[in-house]
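Subject: Structure handover

Hi,

Here is the structure for you to look through. My notes follow below it.

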Amino acid sequence: MRLLLTIWAVKLSVFALRALGRQGTHVPGLIARKLHPGIIGAVRHPARVVVVTGTNGKTTVSNLLAEALEAQGLRVASNRNGSNLAAGVATTLIGAVTWTGRPKADIAVMEMDERSAKLILPGLVPDLLVCMNLTRDSIKRNAHPAYIAWIISSALPERTSLVLNADDLIAASLGGESNPRTYFAVDRLPTDGDRPSGAAVDVAICPVCDHSLDWEYWRFNHIGKVRCPACGFRSPAAAYRALDIDAANGRVTLELDGESHPARLINGNIVNVYNEIAVAAALGRLGVPKDRIVAAFERLEPPTTRFATEMVGDVQLVRLLTKGLVGVACSRAFEYLASFRGRKAVVLNIDEVSERVTDVENTAWTYDADYEYLADDSLGQIVVGGVRRHDQALRLAIAGVDPARILTVESETAAADLIELDGADEVFNLHSVHNALITGNPVQKRLRARLQEHA
Amino acid sequence: MSLTIEMLFPEVANLHGDNANIAYLAQCRPDARIVRTGLTDTPEFVSGRPDLVYLGPLTEQGQLKAIQRLKPHRKRIDDLIESGTSFLFTHNALEVFGTRIRNDEMGYDEPGVGVFQLEATLKMFGRYNGKVIGRVPEVAVDAPVVGYKSQFSMVTASDEVPGFLTADRGIGRNTTTAVEGVRRNNFIGTSLIGPLLVMNPHFTRALLGRLDPDSEPVLAHERLAVQAYEARLTDFGDDRRWHPFERVQSR
């Protein structure tokens with residue numbers, strides 16, 4: 001009876017919140033967990049449950065996976081529009097049962113915040129868990145990737161099958177001997193290196209003998225393929241691989257458990273190549289025939305919200321989400337910026353909004369980020385706005401950016417007025433997640449207007 | 001004189017951006033020789049005498065590996081500290097030199113190298129995040145050290161073990177003391193991250209002066225470093241930015 005009361009309370013609260021124009025995905029779950037702390041395990045689940053987690057890519061992959069499964073004619077329950085915490089999972093599960101508690105979905109695809117594994121996995125007992133990667137995230141919350149791996153492994157049911165990234169030795173280490181495992185990988189790329197560089201490399205020694213590892217290819221952070229020259233340890237072999245990536249023509253070869261298939265490349269960014277092969281591996285593990293896996297990619301589109309470009313006259317204006325507090329995410333944004341070949345002007349506003357007034361941001365994370373990508377003569381000027389502008393300026397100088405090219409200003413939006421646009425081929429608006437609306441939007445508008453005047 | 005700085009186990013002791021402590025020192029002293037000692041290497045300090053030995057933040061397993069690698073050299077470490085060699089251990093690196101690391105959630109309780117009488121207890125679901133400001137003897141009272149804590153561990157030690165600093169605000173080795181870190185002769189161990197030497201230019205100048213008394217210390221990017229320090233010092237002086245959990249609790 002307690003279970004039914006909880007289901008009814010949640011369904012009614014979702015109805016009420018949606019009537020008020022709210023999404024109603026988190027609060028009902030909080031209510032559910034209050035009324036029935038074991039709700040995630042107590043409510044009846046769809047016949048199959050898939051969890052997607054990891055530091056980066058979990059939202060995209062869970063969305064793509066849900067879409068692909070719907071295209072197979074399945075009724076899919078997913079938290080794609082809601083919270084990936086325990087409350088969001090609870091809301092989604094209750095949304096996937098009738099008022100009498102009977103399942104009305106064939107399969108659940110749940111995005112899971114990796115830090116919340118302990119609250120979600122023991123009750124959910126997924127059939128399949130996909131882990132995209134485990135890289136450094138918030139120092140305050142996530143500490144380091146091995147900690148997150150420990151949290152997930154500690155909470156992982158023995159019977160859950162794993163789909164893991166073979167190019168990430170930390171993610172690949174998840175689970176125990178009882179967990180069946182399938183690996184995915186992206187073969188060596190022309191842009192890969194032979195040894196790691198950068199501030200945040202979390203796999204450098206052999207997990208067996210502590211000897212320094214050799215890299216067959218190194219991509220970024222600790223992502224790549226390794227072998228130990230001392231004891232012979234190697235990265236696991238991947239049954240699902242992406243290779244022969246042809247970004248210009250949007251094609252890729254997918255190696256699907258021993259069968260090679262040409263396929264559409266959903267996006268040329270390496271992050272999305274991993275997303276595509278992870279979706280293929282998960283579909284394969286769920287028993288979707290290989291030709292239908294390949295066909296699914298003809299329709300799937302990843303979201304492209306992290307960057308946007310537009311031409312204003314002869315100048316390319318690039319807006320780039322640069323997630324403050326997370327060094328690894330910033331490194332990828334800076335690397336992307338550095339891949340542009342023209343003369344650059346950069347506005348950088350990545351202070352953490354929540355710590356501006358009621359705290360003093362710990363900027364240690366900036367030394368986990370590779371600002372060195374910005375130390376290039378093609379960068380004409382960088383204007384840094386915000387409360388922690390002096391810390392950012394010092395970080396840039398230590399990275400090798402000429403201090404004469406760095407300008408600081410307290411107002412984030414004023415940075416858009418101060419940036420020197422003469423001679424710039426590309427103008428970048430780098431902002432964080434929480435200041436996207438209050439800073440990212442007005443800076444973009446002002447830069448666009450100035451470039452239009454300039455043109 | 002040229003400086004020799006030994007970084008211990010940088011392949012595993014590299015969390016929280018703290019290796020920038022040494023990157024910054026290397027920019028202040030471009031002539032410095034930086035020795036990066038891997039886990040399977042014999043440390044330079046075993047047969048030589050580096051001017052500074054540095055160990056940075058580690059994972060929990062990294063701490064245990066570091067203990068295993070350093071334990072055979074306990075006597076040499078004691079001798080170096082007693083004879084005045086400079087050491088800088090940041091974040092949880094100090095715990096490696098303690099007597100015990102207890103981590104119930106991960107299921108271990110291990111002795112440390114045992115250089116200092118201190119014990120660390122980790123709470124893997126109780127990470128502490130906070131700010132610290134406190135005076136140190138190396139610099140004037142109006143230039144206190146500022147830094148951050150972001151850690152699973154709390155350290156207990158006798159109050160007779162001298163601290164790196166006494167916090168004016170923020171907690172020390174644990175929530176019931178303002179005494180933070182450890183110092184003995186020229187050994188400094190502190191849980192503060194930031195990185196400490198980047199965030200505290202006045203302290204860094206003093207450290208450089210101690211490492212090489214014959215040279216006038218020069219700070220890399222001094223103007224920017226001092227601007228950042230002063231801005232943070234001002235913010236640390238703002239009561240609205242301090243929280244109850246950052247106060248030392250009565251025992």
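This is a predicted model: local features need pLDDT of at least 70, side-chain atom pairs count only at pLDDT 80 or more; totals for chains, interfaces and linings use all residues.

A residue counts as exposed when its relative accessible area is over 50%, and as buried when that area is under 20%. Pro72(B) has a relative accessible area of 64%, so this proline is exposed. Pro72(B) sits in the loop between helix 3 (60-70) and helix 4 (74-82) of chain B.

Leu69(A) has a relative accessibility of 1%, so Leu69(A) is buried. Leu69(A) belongs to helix 4 (residues 58-71) of chain A. Leaving out residues up to four places away in sequence, Leu69(A) touches Leu74(A), Val76(A), Ile107(A), Val109(A), Leu283(A), Leu286(A) and Val288(A). Take Ile107(A) from that list. Leu69(A) and Ile107(A) are 38 residues apart in sequence, yet their C-alpha atoms are 8.6 Å apart in space.

Next, helix 5 of chain A. How many of its ten residues are buried? Nine are, which leaves the helix mostly covered. The buried ones are Ala86(A), Ala87(A), Gly88(A), Val89(A), Ala90(A), Thr91(A), Thr92(A), Leu93(A) and Ile94(A). What do they pack against? Their partners in chain A are helix 1 (2-19), helix 2 (27-35), helix 3 (39-42), strand 2 (76-78), strand 3 (107-111) and helix 6.

Helix 5 (residues 86-95) and helix 6 (residues 117-124) of chain A pack at an angle of about 30°, and their axes are 9 Å apart. Angles under 35 degrees count as roughly parallel, so helix 5 of chain A is roughly parallel to helix 6 of chain A. On the helix 5 side of chain A, Ala86(A), Val89(A) and Leu93(A) make the contact. They meet Leu119(A), Ile120(A) and Leu124(A) of helix 6 of chain A. By class, this contact between helix 5 and helix 6 of chain A has six nonpolar residues, no polar ones and no charged ones.

Chain B has a helix pair to set beside that. Helix 7 (residues 201-211) and helix 8 (residues 222-236) of chain B pack at an angle of about 130°, with axes 9 Å apart. Helix 7 and helix 8 of chain B are therefore oblique to each other. Helix 7 of chain B brings Pro201(B), His202(B) and Arg205(B) to the contact. Helix 8 of chain B brings Glu222(B), Ala225(B), Val226(B) and Tyr229(B). By class, the contact of helix 7 with helix 8 of chain B has four nonpolar, one polar and two charged residues.

On to the chain contact. Chain A puts in 39 residues and chain B puts in 42 residues. The area buried between chain A and chain B is about 3,500 Å², and carbon and sulfur atoms give 60% of that. On the chain A side, Trp150(A), Asp210(A) and Val360(A) lose the most area to chain B. Together they account for 16% of what that side buries.

Last, the cysteines. Over all chains, the structure holds zero disulfides. Cys330(A) is buried, at a relative accessible area of 0%. Cys28(B) is also buried, at 6%.

Best wishes

Key
Residues are numbered from 1 along each chain as its sequence is written. Chains are lettered from A and ligands numbered from 1 in the order in which they are written. Side-chain values use heavy atoms; hydrogens and water are left out. A disulfide is a pair of cysteine sulfur atoms within 2.5 Å. Buried means under 20% relative accessible area, exposed over 50%, partly exposed in between (1.4 Å probe, protein chains only). Axes are lines fitted to C-alpha atoms, for helices over the stretch in contact, and angles run from 0 to 180 degrees between N-to-C directions. Helices (H or I, at least four residues) and strands (E, at least two) are DSSP runs, numbered from the N terminus. Angles under 35 degrees count as roughly parallel, over 145 as roughly antiparallel, 65 to 115 as roughly perpendicular and the rest as oblique. Contact means heavy atoms within 4.5 Å. Ala, Val, Leu, Ile, Met, Phe, Trp, Tyr, Cys and Pro count as nonpolar, Asp, Glu, Lys and Arg as charged, and the others, Gly among them, as polar. Buried area is the accessible area (1.4 Å probe) that two parts lose on being put together, summed over both.
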